[in-house]
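Thanks for coming, everyone. Today I'd like to walk through some charged pairs and a surface patch. Have a look at this.

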Amino acid sequence: MSAETPSVAAVDPWVARDVAVVWHGFTQMAAYPGNVPITVERAEGRELIDVRGNRYFDAISSLWVTTLGHRVPELDAAVIDQLGRVAHATLLGNGSRSVVEFAEALAAVVPVDDAHTVFASDGAVAIEQALKIAFQYWVNRGEPGHTGFLALGDGYHGDTVGALSVGDGGFGTSVFDPLRFPVLRTPGYADPDWAVKAIAAIAANAGTLAAMIIEPLVQGASGILVADPEDLAAVGRACREHGVLLICDEVATGFGRTGKLFASQWAGPDFRPDIICLGKGISGGYLPLSATVASRTVYEGFLGEDLGTATFYHGHSYGGNALACAVAMRHLQLIAEWKVLDHVVEVAAHLATRLDQLISGLSGVAAVRQCGLMVGIELAPPAGAERWGRRVCAGSVGRGVLLRPLGDVVVIMPPLTSTAEELDRVVDVLAESIRDVWAEDAQ
Ligand SMILES: Cc1ncc(COP(=O)(O)O)c(C=O)c1O
C-alpha cells in the first residue's frame, strides 16, 4: 500500500470487513477502498440506504435489474406467499407450479412463436443455453455443418466462456482469447451500415451458421449504442429467408426498459426471433432468474426417444426457482396493472429534453445516446485527463445519486417507475459533477 492510499479501516470499517472476505466482480480490489464504495443496508422505493443511513437514488437500477423499485409491497408479498408453499423444487424431470404459471404468462407476451422456456439464474447462462440449443438443433435435424455463430461488433452477452466468445472485445476479455471460440463478426450499431453488412454475411454463410445473436435495438454494455428498428426488421427477415436461427439477447432490454415489453417489438409484428434470452428485470430485480425462450420449431427439434441423443442435456441446480418465478409472475402483472410501459415512454421523453438542455452542450460531453430509460453519456475528457467516468460518477454518488460508468460513458438506467422530478435530480447532479471534474482538469 502506498503512503497516499488511506488505510482501509480509516475509510470505513464496513469496507474493511468487506475487502477482508469479499471479491467483487468487475472490480480491482486493490483500488476498491480508495474508490469510496457504499455499503448498502436497506432500501425504500427507488433509494438505497447505506450502513450509515445515507440515501442514494438508484440511478443504475442495481445494475439494470430493478424495474418497479425496491421493497415493492406487492412483490414482497409474492415472495412471502410462495415461501409459505415451497422455495425451490428441481425442474429436472419434474414440474413446479409457480414455474408453470410464469412460463404460461411469459409465452402469452413474448414475441416468440409457441414459446417453450428453459430457466436459469443469470443472463450469461441464458445465452449459453441459447448457443447450445441453436447448435444442437442442427445436429438433431441431421445437418451438423451448422456450427458457426454470427455476432456483432461491440456486442456484449455476459462473462461465461460461450457468452464471452459471441461478445466482442473489451472489459478485460482479451486474456481469455485462447478460450473463446471463433465467431463470424460484422460491425455493430456504431456503423450506420451494420444491417447491410450483417445481411450480406447471413446470405454468404447461411450453410454453416447455426445462428445469429444480437442485442435487439440497443447494445447496452458497449455504451448504449442504438439501432434503427427498420434495420433490425431487415436483419430478422434475412435470417428467416436464409434459414439462420435468430437469437435475441433481451437480457438488458427486456421487461419495459425501451418503452415496449421487449425491444424486439419495435421491429414490428413480423419480427419473431427463434430464441429470446431474458434476465435482469425479469424478476423486477428481486431474485436471480433468467430464461431462454425457444419457438415451437426449435423446441420440437429436440423431441425423441427417452434418454436419447435428441434431448437437451443441460440444466442448473436452481434453474426454475419457485420463489423467483412467483415474484416474476407478479412483476409481469404489475407492469400491466400500473401501465408501466406508458410511464416509461412519458418520462423517457421528459428525460431526453432535460439531457438536451443540461448535458449535451457541456464541455466534456461528446454525445448523449438514449433509448427509453437507457442512457449513455459519452464523456470527452481533455487530453491527459484520467478516469473521467469514475470521477464523474464519484461526484454524483457524493451528491446522493448512485451512478456507475462504463469506461468514460456514464450510464443512466433508472427504475422504470422513476418520476420526472427524480430524473430531473439525476440530470442536475450529473451536470454538476461533470462541471466539477472539468474545472479540476481545466486548471
Ligand atoms: C445484453 C446482455 N446480455 C447478457 C448479460 C449478462 O447477464 P448477467 O450479468 O446476468 O450474466 C448482460 C449483462 O449486462 C447484458 O447486458
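I'll start with the salt bridges and then turn to the patch. Keep in mind that this is a predicted model.

First, the background. Side chains of opposite charge can pair when their charged atoms come close. How many salt bridges does a search of the whole structure find? The answer is 24.

Take Arg55 and Glu44. Their side chains meet in a salt bridge, 2.9 Å from N to O. Arg55 sits in strand E3, residues 55-58, and Glu44 in strand E1, residues 40-44, so this pair ties together parts that are 11 residues apart in sequence. Are these two buried or partly exposed? Arg55 is partly exposed, at 38% relative accessible area. Glu44 is partly exposed too, at 36%.

Next, Glu41. This residue forms a salt bridge with Arg42, and the closest N and O atoms are 3.6 Å apart. Arg42 is partly exposed, at 39%.

Now move along the chain. Asp168 and Arg185 also meet in a salt bridge, at 3.6 Å, N to O. Asp168 is in the loop between H7 and E6, while Arg185 is in strand E6, so the pair ties together parts that are 17 residues apart in sequence. Asp168 is partly exposed, at 26%. For Arg185, the value is 28%, again partly exposed.

Back to the earlier residues. Salt bridges with shared partners join Glu41, Arg42, Glu44, Glu47 and Arg55 into one network.

Last, the patch. Val161, Val175, Phe176 and Leu179 form a nonpolar patch on the surface. Together they have about 370 Å² of accessible area. Val175 lies in the loop between helix H7 and strand E6. Val175 is exposed, at 58%.

Key:
Residues are numbered from 1 along each chain as its sequence is written. This is a predicted model: local features need pLDDT of at least 70, side-chain atom pairs count only at pLDDT 80 or more; totals for chains, interfaces and linings use all residues. Side-chain values use heavy atoms; hydrogens and water are left out. Patches are made of residues with over 30% relative accessible area and no salt bridge: like charges are joined within 9 Å, nonpolar side chains (Val, Leu, Ile, Met, Phe, Trp, Tyr) within 5 Å. Accessible areas come from the Shrake-Rupley method with a 1.4 Å probe; for residues, only the protein chains shown count as cover. A salt bridge is a side-chain nitrogen of Lys or Arg within 4 Å of a carboxyl oxygen of Asp or Glu. Helices (H or I, at least four residues) and strands (E, at least two) are DSSP runs, numbered from the N terminus. Buried means under 20% relative accessible area, exposed over 50%, partly exposed in between (1.4 Å probe, protein chains only).
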